[in-house]
Amino acid sequence: MMVENEKQFNSAVAEDLKKPHQEAALYEVEFILNDIRCMKQHIRSWVKPIPAEKNFITILDETFVQNEPYGVVLVMGAWNYPIQLSICPMVGAITAGNCCILKPSELAPKCAELMKTLIPKYLDPECYHVITGGPDETIELLKEEFDYIFYTGSTRVGQLVREAANKHLTPVTLELGENHQFILMTL
């Protein structure tokens, strides 16, 4: 999807944010492609069982920790790198075996519409959805129960995301930034 539609992604970023095509190619498309290459390179080691220490009760057993998918992950992207900060967390969710709902930022409408158009053409629409819209759609989306939420954006909205997640004890990764200060929290 990224390779076949690179020009469309670059144009959408240029139209939404007035960024040059070279910047969009490097920091949006190529960044995502490198992330995908990394995931492909390491996935075999990530899915292997991790040996666990034995104790008196498990002395005769094979003990290990097996990582498993969370289930349905909500990814809420940011406006400043609208493709990268939406698709990279989605790539991670997919690599981990999860279904995913992507909510790109409404502040980059061309990018959001492009993802809404392209993702169902490349990924199974039963497992991967794109929801577009503004604050009203986001509030409605946060009323639903997810197995994990990944949000990049402002501290103010991050607090709303955390409050919504608390209702269902949903784990959350919040990448929050304002005034060039960034906070990454996995709760």
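Contact here means heavy atoms within 4.5 Å. The model is predicted. From helix 1, the residues Gln8, Phe9, Ala12, Val13, Glu15 and Asp16 take part. They meet Pro109, Lys110, Cys111, Leu114, Met115 and Leu118 of helix 4. By class, this contact has 8 nonpolar residues, 1 polar residue and 3 charged residues.

Now look at the geometry. Two packed helices are described by the angle between their axes and the distance between the axes. Helix 4 covers residues 109-122, and its axis lies 7 Å from that of helix 1. The angle between the two is about 155 degrees. Angles over 145 degrees count as roughly antiparallel, so helix 1 and helix 4 are roughly antiparallel to each other.

Helix 1 also meets helix 2. Helix 1 spans residues 6-17 and helix 2 spans residues 21-47. Their axes come within 9 Å and cross at roughly 110 degrees. Helix 1 is therefore roughly perpendicular to helix 2. The crossing is right-handed. On the helix 1 side, the contact is made by Glu6, Phe9, Asn10, Ser11, Val13 and Ala14. On the helix 2 side, it is made by His21, Ala24, Ala25, Glu28 and Val29. This contact of helix 1 with helix 2 has 6 nonpolar, 3 polar and 2 charged residues.

Next, the aromatic rings. The structure holds 2 aromatic pairs. One of them joins Tyr27 and Tyr81, with ring centres 6.5 Å apart. The planes stand at 65 degrees, so this pair is edge-to-face. Tyr27 sits in helix 2. Tyr81 sits in the loop between strand 3 (72-76) and helix 3 (84-95). The pair links distant parts of the chain, 54 residues apart. Tyr27 is partly exposed, at 41% relative accessibility. Tyr81 is partly exposed too, with a relative accessible area of 27%.

The other pair is Tyr70 and Tyr148. Their ring centres are 4.7 Å apart, and their planes lie at 50 degrees, so the pair is tilted. Tyr70 lies in the loop between strand 2 (64-65) and strand 3, while Tyr148 lies in strand 6 (residues 148-153). The pair therefore ties together parts that are 78 residues apart in sequence. Is Tyr148 buried or exposed? Tyr148 has a relative accessible area of 11%, so this residue counts as buried.

Terms used. Residues numbered from 1 in each chain as written. Predicted model: local features only at pLDDT ≥ 70, side-chain atom pairs only at ≥ 80, totals over all residues. Heavy atoms only, no water. Axes fitted to C-alpha atoms, helices over the stretch in contact; angles between N-to-C directions. Helix = DSSP H or I, 4+ residues; strand = E, 2+ residues; numbered from the N terminus. Parallel < 35°, antiparallel > 145°, perpendicular 65-115°, else oblique. Left-handed = near helix turned anticlockwise from the far one by under 90°. Nonpolar A, V, L, I, M, F, W, Y, C, P; charged D, E, K, R; others polar. Phe/Tyr/Trp six-rings, centres within 6.5 Å; stacked < 30°, edge-to-face > 60°. Buried < 20%, exposed > 50% of the residue type's maximum accessible area, 1.4 Å probe, protein only.
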